[in-house]
Amino acid sequence: MAIPIHFVSSKVYPKLTRGRFSHWRTGFVIVTQLLYFLTPWLQWQGQQAVRFDFGNMRLYLFGLTLLPQDLIYLAGALIASALGLFLWTMLAGRLWCGFSCPQTVYTEIMVWIERLFEGPPNARRKRDAGPWGADKLLRKGASQTSMLLFSLWTGLTLVGYFSPMRELAANLLAGQIGFWEASFALGYGGFTWLLAGHLREQVCKHMCPYARFQGVMFDRDTLVVSYDTQRGEPRGARRKQGAQPQGDCVDCGLCVQVCPVGIDIRHGLQYECIGCGVCIDACDEVMDKLAAPRGLIRLTTQNAQEQGQLAPPMWQRPRAVVYSSLIATVFMVMAIGLWQREPFRMDILRDRAVMARETHDGYIENTYTLRVFNTRRDARSYTLHVAGQGVVGVRQQGALTVPGDGDQSFIISVLADPEVLAKGSHPIEIALQDSHQPDDQVREATRILMP
Ligand code: SF4
Ligand code: SF4
C-alpha cells in the first residue's frame, strides 16, 4: 500500500479529547510506565527479579539465570518480537506506534506536563509566540524542570536494570552514585528530554525507520484510521433544508486540532499517522452533537471501505499464517531448550603450557582447567567422571564446589595407560554431576595427548 509523505514541521499543540481511544491511550501510558518503573524494584528469591549484570555476564529473569552461552534465547526473544511486530502491523496497522511505542508514550507524558504548567493549547501557542516575561519564564521554567526531572528518573530507572536498583537508590540518596551510573542516567535522561520533550512527533516523521517501511507490511485488510470520503464530502457547515445535498463533515477541524502529529486525516492515509485514533474520538463527539451516526473517521480496512468486505479470519491470510507459525516455532524451540537446559555449565581448557607427563607409577597425565558455572541461587558440589579408552583415573584438588550464581575454575589431571593408548591424541569425555541431584549432569568431549 503506497503511503504519501508530507513534511509539516511547525510545533503541534494537540487539543485534549475524551473517548474510547483517548482512554485506551491513557491506560497504555499508565500500564507501560508502571511496568518500566516498577520492574527493577521487584525482588525474586531474595534478589532483583530482572537485571542484566554486565560485570559478571549474567541476565537474571525471575528464577532464571542466563549466561553468555544462553544468548541464543535472547536472540530468539528478539526474533519473536520482530515477527510479532510484523504480524501486528499487518493486522492492526500502526496501533503499536499510537499506544505502546516509548517515543509516543513519553511524548504524551511531556504534553501532559506542558498542559499542567502552561495551560490549554491556545494559551500555549499564544505564549510561545509572545515576548518573554515573568509569567512565561515561570511557567516554561516549571514545565521544563518537571520534564527534565521526569527524564532523569527514566534514566536512573534504566540504570537500575543493570546495577542493583536498591543500592543505586541508596547511593543516590547518600550522594555517592558512581561515575558510570550517573553518566548513563544523564545520557538516557537527556535523550528522553530531547526526543520526547522537544522533537516529539518529528522523531516519528523523520527519524523512525519503522514509519518508513510499515507501508510494505500493510495489505488491503490491514486496520487503518480512515476518513469516509463518500460519506463526508462535500464538506462544509450545515445548511438549511432544501439546499444542495452535502456530506456529514461539517469542516469543524477538530480532527486536526487533536492530532498529536498535526495532520489532516481527511487527506487520506499518511505515513505520519501513528494510528492513535484520537481523531476518531473527536469526530464521534461532533457526530453525536449533530445526531449523525458515529464513524465518519473510523478504524477500518481498505477492502471494507471500498467494497464493504470484512477482513478474512487470520488463518485465511497467508502472511499471518507464516508469521504466526514462525513465532510459534521460535517459542517452542526456546521452551524446549530452556526445559532441557542444565542448571550448570562447564568449559574445559586443556593446559597447553604443561605438556603431558609421565607419573611415578608409569601413567601419562594430562592437565585441564574446568570452569564451572552454577546458575542456581545456592552453592553446589559436583562429582567428576572421566571416560575414554585407556583412562585409568582422574585427580582433582579439593571439592568441586561452586557458590550460588557464581563460577569457579578447577585444575584436574586425567591419567591414561600408555600400554593401552598409542602415541597421539585420543578422545575422552569429562562429565560433571550435581552431587545432590545426580540427574543433573553435563558432558563435554575433549582429547588426551600421549607423548
Ligand atoms: S472532526 Fe469530523 S466533522 Fe469535524 S472536520 Fe474532522 S471529519 Fe469533519
Ligand atoms: S490522523 Fe488521527 S490516528 Fe492519525 S495520528 Fe492523527 S489523530 Fe492519530
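Predicted model: local features only at pLDDT ≥ 70, side-chain atom pairs only at ≥ 80, totals over all residues.
The largest nonpolar core is made of 31 residues, and Ile265, Cys279 and Ile297 have the most contacts inside it. The elements that supply two or more residues to this core are helix H3 (95-99), helix H10 (209-217), strand S6 (224-227) and helix H13 (278-289). Helix H13 gives the most, with 7 residues. In soluble globular proteins, nonpolar side chains tend to be buried together.

Cys279 can be followed in more detail. With its neighbours within four places in sequence left aside, Cys279 is in contact with Val225, Cys255, Val258, Ile265 and Ile297. Another core lies apart from the largest one; it has 24 residues, and Tyr368, Val391, Val402 and Leu421 are among them.

Next comes the chain as a whole. It contains 15 helices and 16 strands. Its radius of gyration is 32 Å, whereas a compact globule of 451 residues would have a value near 22 Å. The C-alpha trace spans about 115 × 60 × 35 Å along the principal axes of the chain. Of the 451 residues, 43% count as buried. The accessible surface is about 24,200 Å², and carbon and sulfur atoms account for 64% of that area. Among contacts between residues at least 6 apart in sequence, 70% join residues at least 24 apart.

Several loop positions deserve a separate look, beginning with the backbone. Glu233 and Pro234 are joined by a cis peptide bond, with omega at about -10 degrees. Pro234 sits in the loop that runs between helix H11 (229-232) and helix H12 (254-257).

For Met57, which is not a glycine, phi is near 55 degrees. Met57 belongs to the loop between strand S3 (50-53) and strand S4 (58-61). Is Met57 buried, partly exposed or exposed? Its relative accessibility is 46%, so Met57 counts as partly exposed, given that exposed means over 50% and buried under 20%. Ala291, also a residue other than glycine, has a phi of about 55 degrees. Its place is the loop between H13 and strand S7 (297-300). Ala291 counts as exposed because its relative accessible area is 71%.

Pro68 is found in the loop between strand S5 (64-66) and helix H2 (71-92). With a relative accessible area of 35%, Pro68 is partly exposed. Between Pro68 and Arg58 the C-alpha to C-alpha distance is 6.9 Å, and the two are 10 residues apart in sequence.

Methods
Residues numbered from 1 in each chain as written. Chains lettered and ligands numbered in written order. Heavy atoms only, no water. Core = buried A, V, L, I, M, F, W, Y, C linked by side-chain atoms within 4.5 Å. Buried < 20%, exposed > 50% of the residue type's maximum accessible area, 1.4 Å probe, protein only. Helix = DSSP H or I, 4+ residues; strand = E, 2+ residues; numbered from the N terminus. Contact = heavy atoms within 4.5 Å. Rg over C-alpha atoms; globule rule 2.2 N^0.38 Å. Areas by Shrake-Rupley, 256 points an atom, 1.4 Å probe, with all protein chains shown as cover.
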